[in-house]
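I opened this entry to look up an annotated site, its surroundings and the overall build of the chain. My notes follow in the order I took them.

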Amino acid sequence: MAVKPIRLFGDPVLRTPAEPVKDFDKELRQLVKDLTDTMIDAPGAGLAAPQLGVGLRVFTYYVDDRLGHVVNPTLDLSDEQETDDEGCLSLPGLAFPTPRSLGVVAKGFNMHGEPITLEGTHLLARCVQHETDHLDGIIFIDRMDPEQRKAAMKAIREAEWFGEPAPVVKESPHRTLGKAI
């Protein structure tokens with residue numbers, strides 16, 4: 001099992017847009033395994049690469065016994081909206097009513113570079129939108145109206161984990177040839 005530490009709210013990597021995946025290689029397959037193992041261990045419905053400190057456009061999901069991943073997703077959202085409680089592994093223990101599109105069609109690739117399409121409604125649609133937001137440097141509280149966001153920020157500041165230092169990222173002394181993950 002390759003369970004990794006999840007970055008918490010306040011870590012700059014969560015606000016940095018991720019880069020598209022260009023190499024569908026062994027490192028990408030390992031990243032998908034790490035994301036999956038960490039998501040299941042947490043447990044969570046989804047996990048995006050930036051939450052592990054990796055700035056690539058990849059996320060995993062596990063909703064209604066559907067386990068999978070999407071690389072370089074693009075979304076087509078339904079016009080119909082719903083508001084429901086939403087949480088995040090980077091904001092542990094907190095959930096807030098958040099508006100989202102009721103349905104989604106996500107197109108992207110699997111870890112082998114093969115095209116995939118993922119369609120979902122309700123929780124799966126919410127998960128796909130939430131994780132894709134992470135890839136764009138957006139956190140779900142950004143989707144709330146200003147009054148709700150203010151209340152959410154108060155709860156975040158009062159959370160036991162808030163203000164924990166971001167993990168120290170050490171630079172490898174070894175040449176990575178531009179393929180470090």
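I started from the UniProt record, whose positions are given in the numbering used here, with feature names shortened and annotations that may be inferred rather than shown by experiment. I noted that the model is predicted, that local features need pLDDT of at least 70 and side-chain atom pairs count only at pLDDT 80 or more, while totals for chains, interfaces and linings use all residues. Residues are numbered from 1 along each chain as its sequence is written, and side-chain values use heavy atoms, with hydrogens and water left out.

Annotated site. I looked up the "binding site" annotation of the unreviewed UniProt entry and found that it covers Cys88, His130 and His134. The three span 47 residues in sequence, but no two of their C-alpha atoms are more than 10.2 Å apart, so they gather at one spot.

I took helices (H or I, at least four residues) and strands (E, at least two) as DSSP runs numbered from the N terminus. Cys88 belongs to strand β4, residues 81-88. His130 is part of helix α2, residues 122-135.

Are Cys88 and His130 buried or exposed? I used under 20% relative accessible area for buried, over 50% for exposed and the range in between for partly exposed (1.4 Å probe, protein chains only). Cys88 is buried at 8% relative accessible area, and His130 is also buried, at 5%.

I then listed contacts, meaning heavy atoms within 4.5 Å. Leaving out residues up to four places away in sequence, Cys88 touches Gln51, Leu94, His130, His134 and Phe140. With that same exclusion, His130 touches Glu86, Gly87, Cys88, Arg100 and Phe140.

Whole protein. I counted three helices and seven strands. Along the sequence they run α-β-β-β-β-β-β-β-α-α. Of the 181 residues, 44% count as buried. Among contacts between residues at least 6 apart in sequence, 66% join residues at least 24 apart.

Surface. I took accessible areas from the Shrake-Rupley method with a 1.4 Å probe; for residues, only the protein chains shown count as cover. The protein exposes about 10,100 Å², of which carbon and sulfur atoms supply 52%. Leu67, in strand β3 (residues 66-77), is partly exposed at 47% relative accessibility.
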